[in-house]
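Keep the sequence and the 3D view side by side.

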Amino acid sequence: MAGKNPLQKCFLFIILSLNLMSLHAETGQKKTYVVHMDKSAMPSPYTNHLQWYSSKIDSVTDPKSHEEEGNRILYTYQTAFHGLAARLSKEEAARLEEEPGVVAVIPETRYELHTTRSPRFLGLERQESERVWAERVTDHDVVVGVLDTGIWPESESFNDTGMSPVPSTWRGVCETGRGFLKHNCNRKIVGARVFYRGYEAATGKIDQELEYRSPRDKDGHGTHTAATVAGSPVRGANLLGFAYGTARGMAPKARVAAYKVCWVGGCFSSDILSAVDQAVADGVHVLSISLGGGISTYSRDSLAIATFGAMEMGVFVSCSAGNGGPDPISLTNVSPWITTVGASTMDRDFPATVRLGTRRVFKGVSLYKGRTVLSPGKQYPLVYLGRNASSPDPTSFCLDGALDQHNVAGKIVICDRGVTPRVQKGQVVKRAGGVGMILTNTATNGEELVADCHLLPAVAVGEKEGKVIKEYAMTSKRATASLEILGTRVGIKPSPVVAAFSSRGPNFLSLEILKPDLLAPGVNILAAWSGDMAPSSLSSDKRRVKFNILSGTSMSCPHVSGVAALIRSRHPDWSPAAVKSALMTTAYVHDNMLEPLTDAAGAEPSSPYDHGAGHIDPLKAMDPGLVYDIGPQEYFDFLCTQELSPSQLKVFTKHSNRSCRHSLAGNNPGNLNYPAISALFPENTHVKAMTLRRTVTNVGPHVSSYKVSVSPFKGATVTVQPKTLNFTTKHQKLSYTVTFRTKLRMKRPEFGGLLWKSATHKVRSPVIITWLPPL
């Protein structure tokens, strides 16, 4: 790439500031650093790498500190990549980076979690998925590694009845600890490990009164994601009567290995990397990682480096896009070898209504079910303590201690969404004597409705309805309202819809690589839950449930992980890139009303920067017809186009013989064989034409013919050569070129699609054309 484009320049300060952020910045204070090493540089006197790493640490540290603190090394990494995590001062880290054999020294990063209807909504009826597994289940047993908060092994979702013995190729173990014994693993949960050295080094010893220093999941998040990936079918699953039915994971016959990397105070990169390294060594086929930690350049993103190594070993990696939407450029986990998943709604909802004293009725959602019930026919006094219906202020958010009992006792209270957790606002209202709550969206959330398991009768409504309700409460002297919770409804239209919270593109690190990659269900997802945590996750909530309903890209990521496990069971020889291609090229971009996918944030049509290639279609992804394959060397050659220095590139060269072969034509990252096609015209207005190249591999019928069609663009003509691809054998590869010629430089990106169609298959790629502003 010739130079940084203006969009990248604008946000370079963000990257730099995020890279400079540290958990403890004071000079001389010890913190954890991840140290990437060149394995091939180990001098001959050393017999093993740990010995060499120890000598490196000793060479930059004060001998006195060895006596005071003991071993500074927390972890060594040796499978997905090579190196160690160590406690160092800022000065020691700087000295270490100058040492021979040291490739990079990266400060510890804190990551956050991106917090059963979906199988049917996705077309995975039980008979269909059973058929998918039956074809190859005997000769390929898929294990999904879930990096999260652990697992609740007693959940019925992890029942192993009828499962075959654990495959002999599996190398994982079941670590024990408080509340977790060997027998808690079975033929479904085949591995369970904990990683806390980095966390404890940063925050102090884990309080075992508050959480388990073992694979047992107190939080519930890890149990929910693991069950979404591969939960066994459980009849009669529900949350307090809501969403009643059979709960099952995407790949109910896959195995789960739980890697606990997240704790009360967050998830730390040294622990996450050790888990990735160990999971690959254990033999997982798929990694599901529902967390993220800000944005860094590729060579400073430890998770990108570790997952590059996992991809080299044939492991498919899916990560959540993040919950930073609807803001643009809010994505995390943008590396092209990671499958980055955004969130969408399903066709199931939990309706509720607000009826005002004017008799006007507004639609909302709720998961409330408790002893306190408001009479549907009775009107209750209604109050809003904000100053303005349009712009929320501190008193309108119902923050802890902000409500005066004199103002709210016996009333329904209107609270604006934001600042504190939604369910916590209801707790504040309840403590102040309120009898109900109306939770109103602000401009940030638009019309997106997320149902919650409230502690008092409560209904969430969209921004427009919220403004009207607030205006009424502020202008009427005797404002009243009633609330009614209506249970579960299915067949909701339109669906799917892009969730407003789902993080958005573009991927400003590399505008040529479309992110997110695709959408999966992430709103109001029912799955297994920890027996130690209330459905609201509030300590004051004494309710306990076997299943809970959650929303977030944390929920969409395991849907894709599970479908990837299904694809791997049928196609064990496919690379991670082939699996990703199958998911992307078969994704759909229309809802159940046959209209283009819309965005919950504004009810406008969404773009590939919101939905990627579209919404996953698992059954079609099993048989995609053609795939865009990418090998490790091609991904490395992509990195060679990203203005990385030789030493920065070295963090990705686990094998010392990997070097830039410049396989991407014109050294253009847009020529990476990605399933999405992105033409980026430079600032130089003299560049009027650009040609990108793609290669497809036939994985469908031996003899097949595909014809191409491309959607029209205002700013450019698009020509594909050849216009027909004729395959004569399976696994045959054929290439084509796409030439873009500018007619009119558009100020905004243009979006469209390229479709290869045969008698039996449709293979679709999103197409994006971007013209960078002239210098």
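Counted along the chain, the bonded cysteines pair as 1-2, 3-4, 5-6, 7-8. That makes 4 disulfides in this predicted model.

Start with Cys174 and Cys185, whose sulfur atoms lie 1.8 Å apart. Both cysteines sit in the loop between strand 6 and strand 7, 11 residues apart. Cys174 is buried, at 9% relative accessible area. Cys185 is buried too, at 15%.

Next comes the bond from Cys262 to Cys267, with an S to S distance of 2.1 Å.

Cys398 and Cys415 form another disulfide, at 2.0 Å. This link is left-handed, with -90° about the S-S bond. Cys398 lies in the loop between strand 20 and helix 11, while Cys415 belongs to strand 21. Relative accessibility is 1% for Cys398 and 0% for Cys415, so both count as buried.

Which cysteine sulfur is nearest to that of Cys557, which is in no disulfide? It is the sulfur of Cys319, 6.1 Å away. Cys557 is buried, at 0% relative accessibility.

Now move to the hairpin. Strand 8 and strand 9 pair in the antiparallel sense over 3 bridges. Leu239 stands opposite Phe242. Between the strands are 2 residues, and Leu240 takes a positive phi near 50°.

Finally, check confidence. Mean pLDDT is 89, but pLDDT stays under 50 over residues 1–27 and residues 132–139.

Notes:
Residues are numbered from 1 along each chain as its sequence is written. This is a predicted model: local features need pLDDT of at least 70, side-chain atom pairs count only at pLDDT 80 or more; totals for chains, interfaces and linings use all residues. Side-chain values use heavy atoms; hydrogens and water are left out. pLDDT is the predictor's confidence in each residue, from 0 to 100. Contact means heavy atoms within 4.5 Å. Two strands pair if DSSP finds at least two bridges between them. Helices (H or I, at least four residues) and strands (E, at least two) are DSSP runs, numbered from the N terminus. A disulfide is a pair of cysteine sulfur atoms within 2.5 Å. Buried means under 20% relative accessible area, exposed over 50%, partly exposed in between (1.4 Å probe, protein chains only).
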